[in-house]
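I set out to look up side-chain contacts in this model.

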Amino acid sequence: MSEVKVNKISPRTNCGTTTLGDSGDTFTIPAGVTITNNGTQTGFGRTGTVNWQTTVKTGDFTAANGEGYFVNTTSGAVTVTLPSSPSAGAIIAVKDYANTWDSNACTLGRNGSNIGGVATDSVLDTEGLAVTLVFIDATKGWLVTDSGLQSEVPSDLYVSATGGNTTATVGNFKVHTFTSPGTFCVSCAGNAQGNNKIEYLVIGGGAGGGFSRGGGGGAGGYRFSPGTTAGCYSAGPSPLGGTALTASVAAIPITVGAGGIAGTGPSIPANPGGAGSNTTFSTIISAGGGGGGGTNKPSPDKTQGNAGGSGGGGGIGGSGGGSGGAGNTPPVSPPQGNSGGNSRQTAAATTPPSCRNAGGGGGAGAVGAAATSCIAGPGGAGLASTINNSSVTRGGGGGGGTQEKVPGTAGPGGGGVGGNTSYPSGPIDATPGTANTGGGGGGGQDNGDGGTGGSGLVIIRYKFQ
């Protein structure tokens, strides 16, 4: 094999043409050899392709023929101005770098040329989109020759899971709702480049209301993540929100707490309401609500509201009344609930000669109110969440019961209404807490039963594409 070593090959005449080999010849370029083109080229391709620029664009810029750009609109919308006076065959491409074009669009400024035969700019607002455009002529201008979505590429970027009584899709997010025990099965944990966070709402079972002028049942503990990693939904007020969970491949058992039993008679001393049961998801445990206090005449004392996720309201006794039970028991941070209200017994210049009224059960968003004069304490209000794309208030405390006059109203969010005697008519029993809200049951009226607590709930939300 012969070898020729020269520093330069030039045509015999100025601006002439040099031919390398004959038709059918093969030239081999060894590994490690670099060929640098500092001029123009023909016949080597690039028709229908671009040279992608590795510097990500975050602000407005003018595109150059033959280049592709990664456009990041995280900080705001970006306008890409197309080349001016393009020749037929000019080509540019753009790609959604951060999957944010659905919130902050990328606009193609036409710069005097049509886009698809229309004299208007083009707005790209699809998440993950990539588009290639070629200029063809003055009539049609820039035409799309290729487009695609990042979501069309199989990957492990996002969480994939099954389970729940219902599963709903909300845009790019999935919502699993457990109204009864089950298993949440994560088959893919996603990653930080896509999304690997799980948002949650976990509510314990509400407590039952106490018997005979009994306190309202406390709501089940209400624990939730802030709603910032899976669609920015409204989760609830700070600082109650916790932290989103990081997904891992696992079968996670779900326990949905039952509501507490109602305090019932007929004997006095009478029973307080039963505690709600705990609801669990992964490391999150929401305690059942504390039962509403019952009646003592004169002992043993069963009038004190019991502690729980939210505390039960205090009940009434022959010689006085009980205090409300503590909320956020056992303690967690941020707190999962509020305390119940105290009962009150006062002399009054009416018939009968006194008013005996119980306190309201604590709610997720507010304490249960104390009884006043002849008005039983309302249940504490719950909290609203749009985790399932619809604003729903849950976790209300039960209203306190009364001997006569005004019973305690239900805490917004599934709490039960307190019972009253409606003197001198017959007794009206308390109402129960609403199922799957963790609402506390209402306290019973004079010699009447309390209401049962509402069962708990688990809702899970994550980004799946």
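I began with W52, which is partly exposed at a relative accessible area of 38%; the terms are buried for under 20%, exposed for over 50% and partly exposed in between, with a 1.4 Å probe and protein chains only. F70 is likewise partly exposed, at 29%.

I noted that the model is predicted, so local features need pLDDT of at least 70 and side-chain atom pairs pLDDT 80 or more, while totals for chains, interfaces and linings use all residues. Residues are numbered from 1 along each chain as its sequence is written, and side-chain values use heavy atoms, without hydrogens and water.

I then counted aromatic pairs (Phe, Tyr or six-membered Trp rings with centres within 6.5 Å; planes under 30 degrees apart are stacked, over 60 edge-to-face, the rest tilted) and found 6. W52 and F70 form a tilted pair, with 5.0 Å between centres and 35° between planes. I placed W52 in strand β1 and F70 in strand β3, 18 residues apart; strands are DSSP runs of E, at least two residues, numbered from the N terminus. F184, F281 and Y462 form one aromatic cluster.

For a charge over a ring, I required NZ of Lys or CZ of Arg within 6 Å of the ring centre and within 35 degrees of the ring normal. The charged end of K57 sits over the ring of F61, 4.9 Å from its centre.

I looked last for salt bridges (a Lys or Arg side-chain nitrogen within 4 Å of an Asp or Glu carboxyl oxygen) and found 1. K463 and E127 form a salt bridge at 3.8 Å, N to O. Both K463 and E127 are buried.

Notes:
Helices (H or I, at least four residues) and strands (E, at least two) are DSSP runs, numbered from the N terminus.
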